[in-house]
Amino acid sequence: MNDKKSARELFAGNLQKIRREHKITQEELAEKIGVSPGTISNIERGLSFPMAETIDKLSSFFNLPVTEFFVSGQENFIPQSKIEQIYEVFKPYVDNLGIEKNGRNFSGIHNHSSRND
């Protein structure tokens with residue numbers, strides 16, 4: 001049996017877990033990052049995948065590197081080579097937001113064998 005989750009499912013579960021750990025509702029989170037409550041609900045249910053801007057807002061709001069939303073258990077869901085490719089795709093958007101690769105939001109672009117929960 002294949003236990004691997006899709007990126008959408010993994011992001012959904014991690015967002016829900018992180019949001020609950022911070023003890024805020026979907027409605028509160030939506031208001032804080034400027035999206036509709038339905039957007040947060042759809043992301044957490046795995047019905048939609050957030051746009052780059054929304055991922056950045058979530059990362060900033062929770063003060064977590066983007067990679068925390070793509071971590072499964074103790075290992076990154078996405079291999080380092082793919083993370084670098086993803087970064088290159090998001091780079092124009094990140095540049096427009098004034099965030100550097102070595103800045104807070106992208107400081108977690110590396111594989112790690114354990115998480116500090």
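Biologist: Which residues does leucine 29 touch, not counting residues up to four places away in sequence?

Modeller: In this predicted model, leucine 29 touches Leu15, Arg19, Ile24, Ile40, Leu58, Phe61 and Phe62, with residues up to four places away in sequence not counted. The word rests on a cut-off: contact means heavy atoms within 4.5 Å.

Biologist: Which residues have the most contacts inside the largest nonpolar core?

Modeller: They are Phe11, Leu15, Leu29, Leu58, Phe62 and Phe69, in a core of 16 residues. Helix H1 (7-21), helix H2 (26-33), helix H3 (37-44) and helix H4 (52-62) each supply at least two residues of this core.

Biologist: Which residues of H4 are buried?

Modeller: Thr54, Ile55, Asp56, Leu58, Ser59 and Phe62 are buried in H4. Just after that helix, asparagine 63 takes a positive phi of about 55°.

Biologist: Why is asparagine 14 called buried?

Modeller: Asparagine 14 has a relative accessible area of 9%, and buried means under 20%; therefore asparagine 14 counts as buried. This residue lies in helix H1. Leaving aside neighbours within four places in sequence, asparagine 14 is in contact with Glu68, Phe69, Phe70 and Val71.

Biologist: What makes the pair of phenylalanine 49 and phenylalanine 70 tilted?

Modeller: An aromatic pair is described by the distance of the centres and the angle of the planes. For phenylalanine 49 and phenylalanine 70 the values are 6.2 Å centre to centre and 45° between the planes. Centres must lie within 6.5 Å for a pair; planes under 30 degrees apart count as stacked and over 60 as edge-to-face, so the rest are tilted. The pair of phenylalanine 49 and phenylalanine 70 is accordingly tilted.

Biologist: Where in the chain do the two partners of this pair lie?

Modeller: Phenylalanine 49 is in the loop between H3 and H4, and phenylalanine 70 is in the loop between H4 and strand S1 (71-72); the two are 21 residues apart, and the pair links distant parts of the chain. Five aromatic pairs occur in the structure, and Phe11, Phe49, Phe69 and Phe70 form one aromatic cluster.

Biologist: Why does phenylalanine 49 count as partly exposed?

Modeller: Phenylalanine 49 has 33% relative accessibility. Buried means under 20% and exposed over 50%, so phenylalanine 49 counts as partly exposed. Phenylalanine 70, with a relative accessible area of 12%, is buried.

Definitions and conventions:
Residues numbered from 1 in each chain as written. Predicted model: local features only at pLDDT ≥ 70, side-chain atom pairs only at ≥ 80, totals over all residues. Heavy atoms only, no water. Core = buried A, V, L, I, M, F, W, Y, C linked by side-chain atoms within 4.5 Å. Buried < 20%, exposed > 50% of the residue type's maximum accessible area, 1.4 Å probe, protein only. Helix = DSSP H or I, 4+ residues; strand = E, 2+ residues; numbered from the N terminus. Phe/Tyr/Trp six-rings, centres within 6.5 Å; stacked < 30°, edge-to-face > 60°.
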